[in-house]
Amino acid sequence: MLRVESLVAGYGRITCLHEVSLEVGAGEIVALLGANGAGKSTTLKAISGLLPIRAGRVVFEGETLNSVPAHQMARRGISHVPEGRRILARLTVDENLELGAYARSDRKAIRQDRDRVFGLFPVLAERRRQLAGTLSGGEQQMLAMGRGLMARPRLLLLDEPSLGLAPRLVEAVFSTIRRINQEGVALLLVEQNAYQALRVAHRGYVLDAGRITLADTAEHLADNPSVRSAYLGG
Amino acid sequence: MTPLELFAQQLANGLTLGAIYALIALGYTMVYGVVQLINFAHGEVFMAGAYAAVFAVLFVGVSGAPWGVALGVAVGAAVILCAALGWAIERLAYRPIRQASRLNAFITAIGMSLFLQNALMLIGGATDRQFPAIVPALRWEVAGVTVTLIQLLVWGSAAAMMAALQWLVMATRLGKAMRATAQDLTACLLLGIPVDRIIAVTFMAGSSLAAVGGVLFGLQYGTINFHDGYLIGMKAFTAAVLGGIGNIPGAMAGGLLLGLIESLAAGYLSAQWKSVFAFGVLVIVLLWRPTGLFGERVADRA
């Protein structure tokens with residue numbers, strides 16, 4: 001479904017990704033693990049068009065996305081929920097969700113999808129007329145994910161969805177990820193919390209200093225000694 | 001004229017001037033909201049609107065037509081030209097440097113202002129130009145205060161346009177996308193919002209408001225000059241800062257307030273010094289309340 005081939009990208013004179021290749025199959029959850037600064041978020045940004053691709057290719061459903069501008073990705077079925085959530089603090093919850101569906105015009109289906117999001121995150125329904133900036137961190141994460149789903153993506157790129165959340169909320173976020181996946185959405189998941197990520201993911205990659213150093217099923221990665229010592233606390 | 005009547009007359013004059021300031025101030029504040037740029041060429045766009053109206057009325061030849069038709073021709077020409085000008089300014093001058101530092105944008109804006117000012121001089125002439133008196137000079141005495149038809153038009157159209165803008169920004173999909181772009185451009189890209197188009201539309205909307213302001217200014221004061229745009233534009237910018245730059249209701253209130261301050265200062269203190277009072281307000285606001293009267297907390301932008 002998504003195939004990244006020898007991707008090179010960076011900021012200014014610095015190259016952050018050195019020939020990164022990875023794949024996400026239809027219906028899969030794929031975890032992208034690695035230390036801070038390994039290039040996980042950069043990979044997502046290059047896929048979604050926020051960062052120019054210097055070499056290599058990003059292919060989604062058979063089409064090369066290299067020169068597709070970022071604002072066209074939602075229309076093509078890729079939704080990117082960025083690092084730091086980036087909810088629109090001075091807009092209401094409802095308005096945030098509405099803008100999540102900006103690329104679509106099928107009003108009826110949009111309303112159905114909004115109800116679906118409210119089903120996944122009931123607290124958003126309670127707070128729908130509230131300004132998004134007044135939500136708690138966990139609620140903001142839910143809003144960011146819900147807003148990403150409003151584009152009705154076939155692939156969801158999730159960047160650190162559990163960052164800064166209380167343990168109980170982390171559990172909730174990961175069980176939601178599983179539910180989203182069960183509805184047929186493929187996910188590429190960037191996570192610091194390797195333990196949780198490998199529990200929901202089917203497969204995973206380890207990124208180290210801009211290079212893929214390991215690629216395996218989630219089970220094997222969780223048993224791999226070097227992964228255990230580096231990311232799972234021994 | 002009793003002191004009270006004099007005061008009321010100054011208020012009426014101040015509200016007229018203030019309504020025009022407010023229409024122009026909205027363009028500064030909308031553009032600042034979405035791209036954090038002070039579009040110093042906006043005052044020239046306002047003047048270009050007035051000139052477009054003059055030429056349209058001359059060329060179309062509206063004598064004999066009802067004054068409403070003549071006014072429609074003037075406003076239509078001004079709005080079309082200014083919207084196109086706003087689009088072109090954004091596309092040609094500001095978009096290429098959107099990623100550059102603020103200083104680059106600042107210098108570009110000043111350069112664009114000078115360029116347009118000189119273009120207006122070449123096209124419209126270096127001397128004062130008579131603005132055609134297309135609206136009948138009707139006047140009424142209300143409780144000792146003289147109110148003209150033109151003043152009623154200024155108040156009515158300014159109020160209607162501000163209400164329309166408020167509706168556009170708060171209730172429509174486009175308006176929501178504008179507010180979203182103002183908050184987080186990157187997040188908007190990821191949502192599939194065509195940010196470039198939203199920014200272009202914002203420039204066009206702000207320029208259209210300035211166009212109407214230009215026609216109203218010409219009607220009210222009778223003559224226009226190519227460099228009027230600079231001074232009036234600076235005052236409208238002051239009004240936007242007074243209300244809180246980036247804040248739409250703030251620009252409306254700031255415009256009205258500045259018009260009142262200026263006209264009261266002219267009436268009671270010194271007409272020659274009225275611009276000093278207006279810009280004194282700018283200095284005071286920048287010193288003591290840089291976020292303006294309706295200023296937003298800057299923290300949630302970070």
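Modeller: Happy to! Let's begin at one pair of strands: strand S9 (residues 203–208) of chain A and S10(A) run antiparallel and are joined by 6 bridges. Do keep in mind that this is a predicted model. To find one of those links yourself, look for A:Gly204, whose bridge partner in S10(A) is A:Asp216.

Now step back to the whole sheet. This pair belongs to an open sheet of 6 strands in chain A, and the order across the sheet is S6-S7-S8-S3-S9-S10, with mixed pairing. Strand S6 (78–81) and strand S10 (211–217) of chain A stand at the edges; each has a single partner strand, so one side of each is left without a neighbour in the sheet. Going from strand to neighbouring strand, the average turn is 15°, direction ignored.

Helix H6 (residues 137–149) of chain A lies across S6 and strand S7 (155–159) of chain A, and its direction is at about 165° to S6(A). Helix H7 (residues 167–182) of chain A lies across strand S3 (29–34), S7 and strand S8 (186–190) of chain A, running at about 155° to S8(A). If you trace S7(A), then, you will find both H6(A) and H7(A) lying across it.

Methods: Residues numbered from 1 in each chain as written. Chains lettered and ligands numbered in written order. Predicted model: local features only at pLDDT ≥ 70, side-chain atom pairs only at ≥ 80, totals over all residues. Pairing = 2+ DSSP bridges. Helix = DSSP H or I, 4+ residues; strand = E, 2+ residues; numbered from the N terminus. Axes fitted to C-alpha atoms, helices over the stretch in contact; angles between N-to-C directions. Contact = placed C-beta atoms within 7 Å.
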